[in-house]
Structure formats: structure tokens, C-alpha cells
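This report looks at a few selected parts of one protein model. Please keep the sequence and the structure in view while reading.

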Amino acid sequence: MEDYRMLIFDGFYEAYKKLKNKNELAILVDEEFSSSVLKKAKKKGVTTCLSTEKSGSNVFDFAYGKDFPNHIKKFDHPIVKALVRYNPANKKDNLTQLKRLKLLSDWCHQNDYKFMIEPLVPATKMDLKKLNGCQDLYDKNRRPALARKMISEMHIAGVEPDIWKIEAFEAKKDWEAIIAEARKGEERQEVAIICLGRGESFAKVKDWFSIAPREKLNGFAVGRTVFLRAVEEFHTRKINRKEAIHIIAKNYSELVKYWRK
């Protein structure tokens, strides 16, 4: 796993060397499988963002428990990220999550780190039942309102991200509403909002880029869209390492240039 993370980083870095405005480019990784990547990135001056969540957990918790500050300071990342699954209907779990997220939010601000939150809003069984089990209908008709409520509840609980990493929407009006919610109040006008790729196809991600009001957004975050196929083909020996790196670099560069255009 760590070898594949390094493969992905090398693809990113090949693109990084050629792209303009390098201060706009960054990588998001975890410590468990990416320590060697973090060391290499720091040596080369690449901005890094560290994941803090326990992987695969439905309720947000820290990967290293109460020792999370030392793991953040270990590589001194300028950005700290928390992925959380948050549907407002799950009130009991959300109370637990909000306490932990506020702890991280407060710690980041007290210690001069930028706090990024990646809130996924999964459908409950009841959500899907009302929509005859159709995930697409949930994403179009139900998730936008739940996402706004999620942001409101986090603000009320004292969770104040510097960066919101938001799942893409199918309509510009839904983006407008979520942006207004995330930047509600004078003190939140500089809060950054980036579009999450959700591992979708190139065509779908470009479509989302076209829908989003990019003049009000600060960028995007993509992973699998850029590297998954190259890693799979390298794993099955259809291509060699050099070819995989080149594909990842090409894919990343294409999306960066498309967004900037």
C-alpha cells in the first residue's frame, strides 16, 4: 500500500513540476500508509494535508486517539483534515461526532493549523425508502437540504472549518445555497470551499466543474478519478511504473487546467 501511495505521489509530482502556481497544489494523505510520502513531499516543498480520522469508521474518531496532536506535529502539516459521515437524522451518533470535531477544530485554531472538514451525507434507510431506493434521486433531491442542515448544526456546535470539502451537486442553485450556509456571518466570509470528486469518471467530474459556480469556490479535491485505473493496471502488470506515473501526471494536469480554464 505504501509503495502505491509513493507511485501516486510521483505521478502528482511529475505534474507539479510543470504546472504553474505551485502554491495552489497540495496532497492529502494519511500517516499509516504514507509516512515516506510525507517526508518526500516536505523535502520537495509540497503542501500537505493530513487525514486524522480512523479509517472505515461510521462515527468519526481519531486514528491515534487522544495522541492526535503529536501525530499532526510530527510532520507539521499546514492543513489537517477530518472525514465525517453526517446525516442530521442520526442524532445520537452526531452528538458524539460533534464533540470530537469541536475538539479538533479548537486545537487546530489554537495551534495555527488550517482545519479542513470532509462531510459526507449518506442516505439513511428511511431516505432511500422514500425514494424507492434510488441513490441518484437522493443526491439530486434530498442531499442538498441535508448538507445545509449539517453545516448549520456544526456551526451551532462550535465546529469552524477553514476549508469545507463538499460533495458535488447536480444543480448550481444547490451550490449557491451551500456556499451561503458555509459563509454565513461576517467572520466566515473567507472560509474556503472545494469540490469533492467522489471517485467519479473524468466526464462526470468535468460536468460537475461546469455546474459549480467556480468564481465562488476555491478548488477541487480528486483522488481515484486521477489515479485508480493507473494503479490497477500497474498492479496487474499491464503497464510499468513509469507509464503509471505518466498517466497519473497527465490526468491530474488535465483536471487542473480544465478547472483554471
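## A buried charged residue in a helix

D139 is found in helix α6. The model is a predicted one. D139 counts as buried because its relative accessibility is 9%, and the cut-off for buried is under 20%.

Which residues does D139 touch, once its neighbours within four places in sequence are set aside? The contacts are with P144 and R198.

## Strand β4 and its partners

Strand β4 covers residues 114–120, and six of its seven residues are buried. On one side of the pairing list is strand β3, residues 79–85, which runs parallel to β4 and is joined to β4 by seven bridges. Within this pair, L83 stands opposite E118 of β4. The path between the two strands includes helix α4, residues 91–110, and β3, α4 and β4 together form a β-α-β unit that is right-handed.

β4 also pairs with β5, again in the parallel sense, over two bridges. Here I117 faces W164 of β5 as its opposite residue.

I117 lies in strand β4. Is I117 buried or exposed? The relative accessible area of I117 is 0%, so this residue is buried.

Leaving out residues up to four places away in sequence, I117 touches A82, V84, L101, M154, V159, P161, I163, W164 and K165. W164, one of these contacts, is also the residue opposite I117 in β5. I117 and D162 are 45 residues apart along the chain, yet their C-alpha atoms are separated by 8.2 Å.

## The cavity

Rolling a probe the size of a water molecule over the atoms shows where empty space is left. How many cavities of 30 Å³ or more does a search of the whole structure find? The search finds one, and the volume of the largest cavity is about 30 Å³.

The lining of the largest cavity is made up of P119, V121, R143, A147, M150, I166 and E167. By type, five of the lining residues are nonpolar, two are charged and none is polar. Helix α6 (135–156) and strand β5 (163–167) each supply at least two residues of this lining. α6 gives the most, with three residues. Helix α6 is also where D139 is found, and β5 is also a partner of β4.

Note on methods:
Residues numbered from 1 in each chain as written. Predicted model: local features only at pLDDT ≥ 70, side-chain atom pairs only at ≥ 80, totals over all residues. Heavy atoms only, no water. 1 Å grid on protein atoms, 1.4 Å probe; cavity = no way out; pocket = protein on both sides within 12 Å on 5 of 7 lines; lining within 4 Å. Points joined across faces, edges and corners; volume = space filled by probe spheres on them. Helix = DSSP H or I, 4+ residues; strand = E, 2+ residues; numbered from the N terminus. Nonpolar A, V, L, I, M, F, W, Y, C, P; charged D, E, K, R; others polar. Buried < 20%, exposed > 50% of the residue type's maximum accessible area, 1.4 Å probe, protein only. Pairing = 2+ DSSP bridges. Right-handed = clockwise from strand over helix to strand, strands pointing away. Contact = heavy atoms within 4.5 Å.
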